[in-house]
Each structure stands twice: as C-alpha cells, then as structure tokens.
Amino acid sequence: MSHISNPSKLVRHFLLGAASLFAFAQVQAQDFKVAFFNGQRVLDESVPAKIASSRIEQEFSKRKKDLDDVNDRFRTAYRKYEKDAPTLSEGERLRRQRELAEMDQDFNRKQRIYNEDLAQRRQEEAIALGERALKIVRQIAEAEKIDIVLQDASYVNPRIDITDKVLKALSK
C-alpha cells in the first residue's frame, strides 16, 4: 500500500519511463530503414512474366486446339443425336447416348489434365520469377542499407516502395 499512497510519484515514474522508451524508439527509428516490395505486381507487370506467359501460351496452344477440336466433335455429335433421336430405335438411341457420355467424359478428363498441367507450368514460372525477384530485392536492400523489406501490407507509403526498382532490374 505504500507505493500506491503517493499516486503522483507513480505517475512521475510512469511518465519518465514512457519518455525514455519514446526517446529510445526515436533513436532506433532513425537507424532503422524499411522498404516494401509488391510481389504480385512483379508477377503481373514484369517483362520476364510477360515473356513467360507468352511462352506458356505458345507451349500449350497445340493442346488447347486439340481440346477445342474434341469439344467441337462432341457438340456436333450431340446435335446430330438430338436431331436423329426421334427416329432411332431404342437400342441405337442407348448406344449413341453411351458414346456421347464417353465422349463427354473423355473431354472432361482431357480438359482437367490440360488445366492441371497449365496451372503447374504457370506455378513453375512464377516460382522461378519470384526467386529472381527476391535476389534483386536483397541486392537493392544491401545497396541502400535497408534493414527490412516487407512484402504484404495494408498500407504502404510510396516513398518506401521499391517495386519499380525491382521491375526495372528484372527487365535488364
């Protein structure tokens, strides 16, 4: 109870401690340099990302065309079945329905494999680009004596954003 009996002394100690902490934080803040890097912008806007996207599109164009051809054959067969269905015997109708179901399953399987392969290929390119970008971020941080580089933030002052520098270095 003795330390509570003198509240003004307690307040003085608290204020002195807070002032000391604030002063220490100010000194530390002057020596501490922070930067921000927007990785998503690098994946969306960088020259290597655009080149990789074009290369992937070209790499998968034949498979995409083949997939489109399978889909067109299915649609043509389905339209023909719908047109012919009223005149078909029960056995012929069932046989063609099974063929259409198999064609549809084949198309869905090929489309799923295509989408998985495409996603994997894009992921591989994104990882490679991300690794290159992180090397550049480290180089910039070392050159500019930056203590910490953040990648995700709710708000960033444009003054500390180094994304444009990274984009420029990647385009070389």
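Biologist: What volume does the largest pocket have?
Modeller: This is a predicted model, where local features need pLDDT of at least 70, side-chain atom pairs count only at pLDDT 80 or more, and totals for chains, interfaces and linings use all residues. Residues are numbered from 1 along each chain as its sequence is written, and side-chain values use heavy atoms, without hydrogens and water. A pocket is an open set of 1 Å grid points that fit a 1.4 Å probe, with protein on both sides within 12 Å along at least five of seven lines. Filled by probe spheres set on its points, the largest pocket has a volume of about 330 Å³.

Biologist: Which helix gives the most to the lining of the largest pocket?
Modeller: The lining has 19 residues (an atom within 4 Å of a point). Ala49, Ala52, Ser53, Ile56 and Glu125 lie nearest the centre. H3 and H4 (DSSP runs of H or I, at least four residues) each supply at least two lining residues. With 10 residues, the most comes from H3.

Biologist: How far apart are the end C-alpha atoms of H3?
Modeller: H3 covers residues 47-84, 38 residues in total.

Biologist: Where does H3 bend?
Modeller: The bend is the angle between axes fitted to the seven residues ending at a residue and the seven starting there. In H3 the angle is about 45 degrees, at Ser61.

Biologist: What volume does the second largest pocket have?
Modeller: Its lining includes Lys33, Glu144 and Arg159. The volume is about 160 Å³.

How values were computed:
Expected span 1.5 Å × (residues − 1).
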